[in-house]
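Visitor: Hi, could you walk me through this one?
Guide: Happy to, let me bring it up.

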Amino acid sequence: MSGRLGRAAGIFLRGLFVQASWSFQRMQSPGYFLMRAPSLARRHAPGSPAWTQAALADLQTFNTHPYLAGLVAGTVAREEEGGAEGASVAAGLKRSLMCSLGGVGDEFFWAHARPAAALLALLFALAGASWAAVVLLVAYNVPHLALRGWGAFAGLARGREIVTVLQRRPLARSLPALAAAITAFAGAAVALAGQRAPWQLVPGDGAASLALAVAAFLGLLLPQLRGLSFGRLLAAASVAALLAGAARAVVTA
Amino acid sequence: MSAAGHACALSAPGLAALLAAIGLDQVAFGQFMISQPLVGGWLLGWACGDPASGLLAGAFFQMLCLTDLPVGASVPPDSGFAGLVGAAAFLVLPRPAGWSDPALLGLLCLGFLPVAHLARAADLAVRRGNRHWVALAESMARRGNARLAQAATLGGLLGFYARGLLLALAVLVPLAAWGGRGLAEAAGAEPVLALFGRLVPLAGLAALVAQRRRPRWPVALAAGVGAGVLAGRVLA
């Protein structure tokens, strides 16, 4: 148990660098090998022909969500302990897990957990909390680090049986709640920004500024609901602000 | 949040070096979200001796990059890094007379999209260059050298760090040298840029709501606005 815990800790720590040498050619493969190196060294003497063959196989294209790469590495290591048959299962598992977990992780962490944590912290910042940034770090990293640690350990402990846990789609089930939280937090941020300095549109007048902020938000939301991208909106607004600012500076000078 | 004049205790190159180290969190190491503008701006503010200004600028730019979504191997414009650079620029630039914080942030926001696209181009260059580390790792594997992963990792980290450092230097050093000269004379532009600086975060929030909406999203939005109004009243 403690040996497995130590190995999982190794995968976890090495997994923090899984994208350090990300390339279009092989994506995360050097990082994946970094996680796998201790397992490989347990099976084959480093430098031996079998080790070289395994290392080159690990350096083939690998890409998944970085937080779940440890789960793949742990699962593969566990299966390889089953001899030749296990090694063949491990190769298939590596491919199928990396593809499916990549999509799951992107959807959960990048599309939902990150904006939700950032918005929660923004609410504290708008309320005047000087430690708001800590809220983001805690709200995001508690689930992030727990999942990374669990993934490495559960992969090593369960091997291919981890698939039964993943089939319950534990991350996907929380997405509707996270999406609702994101929308609600955004609404709260609009209301707070409308009432708090220095973001008030009518400085000093809370009610008028609040009404204006909500109206402006809805006015900016509508074109984006109809398909206008934020990038284009920002680019157009930047050009308009630049021209209007320059014109006003010239006129007042 | 409020900020009264910015006089960064750190030189522009020093701030760029720190910013590049924080930027490693984006891809190369950890992804703990230290590189999100809200956190990174706050940390840069601490380094400058003005965490309140760092948090203010970080919060502003954070609202512009809530919709960042790198799916799979895609590399979108790097608004997170642009936000970090924007927060650092806010700390480096002395606030000219007659300019409010939202106006100065609005002014800096004009450079947000170009920096985001430049950062993306630099990111793509580093990722393309990393193929050399893969080739090195393979050649080391063939020679039976077990240090191959460490070598590739170190090489990649250096590449991503150099990318962040060069970009940050390219923005912060000229900005610090300029020092906002002439802005006090151009104070006529302040109201326009202040309005822009107050509206842009609302546009960022709207973009997020538009992207992540699910059935019954107006109910969640209305509930959030109501809670925000109550919180604002309590805090007032």
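Guide: We can go through the interface, the cores and the salt bridges in turn.

Visitor: What kind of model is this, and how are things numbered and lettered?
Guide: This is a predicted model, where local features need pLDDT of at least 70, side-chain atom pairs count only at pLDDT 80 or more, and totals for chains, interfaces and linings use all residues. Residues are numbered from 1 along each chain as its sequence is written, chains are lettered from A and ligands numbered from 1 in the order in which they are written, and side-chain values use heavy atoms, with hydrogens and water left out.

Visitor: Great. How many residues of chain A are in contact with chain B?
Guide: On chain A, 97 residues are in contact with 92 residues of chain B; contact means heavy atoms within 4.5 Å.

Visitor: And what area do the two chains bury between them?
Guide: About 7900 Å², with 75% of it on carbon and sulfur atoms. Buried area is the accessible area (1.4 Å probe) that two parts lose on being put together, summed over both. A:Phe24, A:Trp199 and A:Phe230 supply 9% of the area that chain A buries against chain B, more than any other three residues.

Visitor: How many salt bridges cross that interface?
Guide: The rule finds one across the interface of chain A and chain B, namely A:Arg26 with B:Glu138 at 2.3 Å, N to O. A salt bridge here is a side-chain nitrogen of Lys or Arg within 4 Å of a carboxyl oxygen of Asp or Glu.

Visitor: Which helix gives the largest share of the side of chain A that touches chain B?
Guide: That is H8(A), with 15 residues. Helices are DSSP runs (H or I, at least four residues), numbered from the N terminus. By class, this side of chain A has 68 nonpolar, 22 polar and seven charged residues. Ala, Val, Leu, Ile, Met, Phe, Trp, Tyr, Cys and Pro count as nonpolar, Asp, Glu, Lys and Arg as charged, and the others, Gly among them, as polar.

Visitor: Switching topic: which residues touch the most other members of the largest nonpolar core?
Guide: A:Tyr140, B:Leu19, B:Leu172 and B:Leu205 do, out of 127 residues. H5(A) gives the most to this core, with 18 residues. A nonpolar core is a set of buried Ala, Val, Leu, Ile, Met, Phe, Trp, Tyr and Cys residues joined through side-chain atoms within 4.5 Å. Buried means under 20% relative accessible area, exposed over 50%, and partly exposed in between (1.4 Å probe, protein chains only).

Visitor: What is B:Leu172 in contact with?
Guide: Leaving aside neighbours within four places in sequence, its contacts include B:Leu15, B:Leu19, B:Val85 and B:Val92.

Visitor: Back to salt bridges. How many are there over all chains?
Guide: The count comes to nine. One of them joins A:Arg160 and A:Glu79, whose closest N and O atoms are 3.0 Å apart. This pair links distant parts of the chain, 81 residues apart: A:Arg160 is in the loop between H6 and H7, and A:Glu79 is in helix H4 (residues 69–80) of chain A.

Visitor: Is A:Glu79 buried or exposed?
Guide: Buried, at 8% relative accessible area, whereas A:Arg160 is partly exposed at 41%.

Visitor: What about B:Arg163, which partner does that one have?
Guide: B:Asp78, with the closest N and O atoms 2.5 Å apart. B:Arg163 is buried at 8%, and B:Asp78 is buried at 9%.

Definitions and conventions:
Helix = DSSP H or I, 4+ residues; strand = E, 2+ residues; numbered from the N terminus.
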